[in-house]
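Hi everyone, thanks for coming. Have a look at the structure on the screen, and I'll walk you through a few bits of it.

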Amino acid sequence: MNLSQLTLKNYRNYENAILNFNNKINIIIGDNAQGKTNILEAIYFLAITKSYRTSDDVNLIRTGTFQSVVSAKAKINGMSKKISITFNKNTKKIVFNNNPVKKLSEFIGVLKIVLMAPEDIDIIKGSPSIRRNFLNIELSKMSKDYINKYNEYNKLLKMRNDYLKLLMTNNIADHRYLDIITDKLIDRAVYIYRKRFEFLCKINYYLDSIYDNITFGRKLKIVYEPNIDIKLFDDENIKKSLKYKYDSNLNKEMSLGMTIYGPHRDDFLFLIDDKNIEFFGSQGQQKLAVIALKLSIVYVLNELTNEMPILLLDDIFSEVDKKKKNKILEYIKNIGQVVITTNDIKDINKNKLDDVKIIKIKNQKITEKGGKNGRYSLWFVLNTSFRGLRSCKKKARYVHWYNRC
């Protein structure tokens, strides 16, 4: 799977922009506030139909305009496809291969991506809820059944909490209704526990060797920490453990008016050489651990779908030394298509850039160089309606030169 071309119209700071990618490594270079991350966000938007930086699509529309268009040419399952999303503050129209998309659920996941953004460090340093959210997002990409079961679990959890509060204040309330809700909650919880455990096992299969390769000998693993004691992650054992917890802690949960056991209280830890990286790891080690995690997800997705997703890496080189920067590039060169943003590549060995497409953003223009065959092109952005090209003949020469590149 790869993206060959991305077109932006009135998206964030871009009035008109066309970017061409090779099918290996693409590095986008530019100072801060130039719009590097906006490009990754646009690719993510095409895949997930929403931004990872804002919950309101209107924030993506260029100031002073009312509508944005993000479109791309991609190769999916070996076939050339076109994707386009046109949106304003009220509507969103998705067209896939010239056919309007009626249901988002049928489209999300067609373009498979794995994103690492600077805020992903919170997967290690943040609260357990951030780690649970990470699990839910990644598992939802891989299985529509998971998101359905998880939504059902949350609805039942709210019903159980509401009834626990009722039981706390009303002694004549029927406990049999609570038992019915609890049994249904356990059924969904068993599925969630098992899927999370299986997913983290798959991650661990790749994680250690990736981290070892990048960091020259350090051992990294993830330890799953549900808040109930589960000896074996088969359905019967999980069900028995949950049932026991709910039965033996009923009075406690009634007094609190909430369900205190279940996958909504899950957590997992990153250990380097058996030490918790949150407390014993440096900022650089934590960042490399997240990079290793994201690379592991690429392999897990490939294992499940038989197609390598597109890897998006935002500002991965900060707080990483020269040796490890080059090791990361060496490792990902055969992983599939990768798009990286960075401020500079001064520490990168030149021989690592042979097959790399360099895209520079500076002073309101995008410059592309290298990649598949070393071609060089220039596409102006931000007010690029051929300003300065007054005659039709000059415009025609400009278009011919650009297309030839």
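**Salt bridges and a helix**

Let's start with Arg194, Lys195, Glu198 and Asp235, which are linked in a network of salt bridges. By salt bridge I mean a side-chain nitrogen of Lys or Arg within 4 Å of a carboxyl oxygen of Asp or Glu. Side chains of opposite charge can pair when their charged atoms come close. In total, the structure holds 24 salt bridges.

Quick housekeeping: this is a predicted model, where local features need pLDDT of at least 70, side-chain atom pairs count only at pLDDT 80 or more, and totals for chains, interfaces and linings use all residues. Residues are numbered from 1 along each chain as its sequence is written, and side-chain values use heavy atoms, with hydrogens and water left out.

Okay, next pair: glutamate 253 and arginine 160 form a salt bridge, 2.9 Å from N to O. Glutamate 253 sits in helix H8 and arginine 160 in helix H5, so the pair ties together parts 93 residues apart in sequence. Helices here are DSSP runs (H or I, at least four residues), and strands are too (E, at least two), numbered from the N terminus. Both glutamate 253 and arginine 160 are buried; that's under 20% relative accessible area, while exposed is over 50% and partly exposed is in between (1.4 Å probe, protein chains only).

Also in helix H5 is asparagine 161. Is asparagine 161 buried or exposed? It's buried, with a relative accessible area of 18%. Leaving aside neighbours within four places in sequence, asparagine 161 is in contact (heavy atoms within 4.5 Å) with Gly257, Met258 and Thr259.
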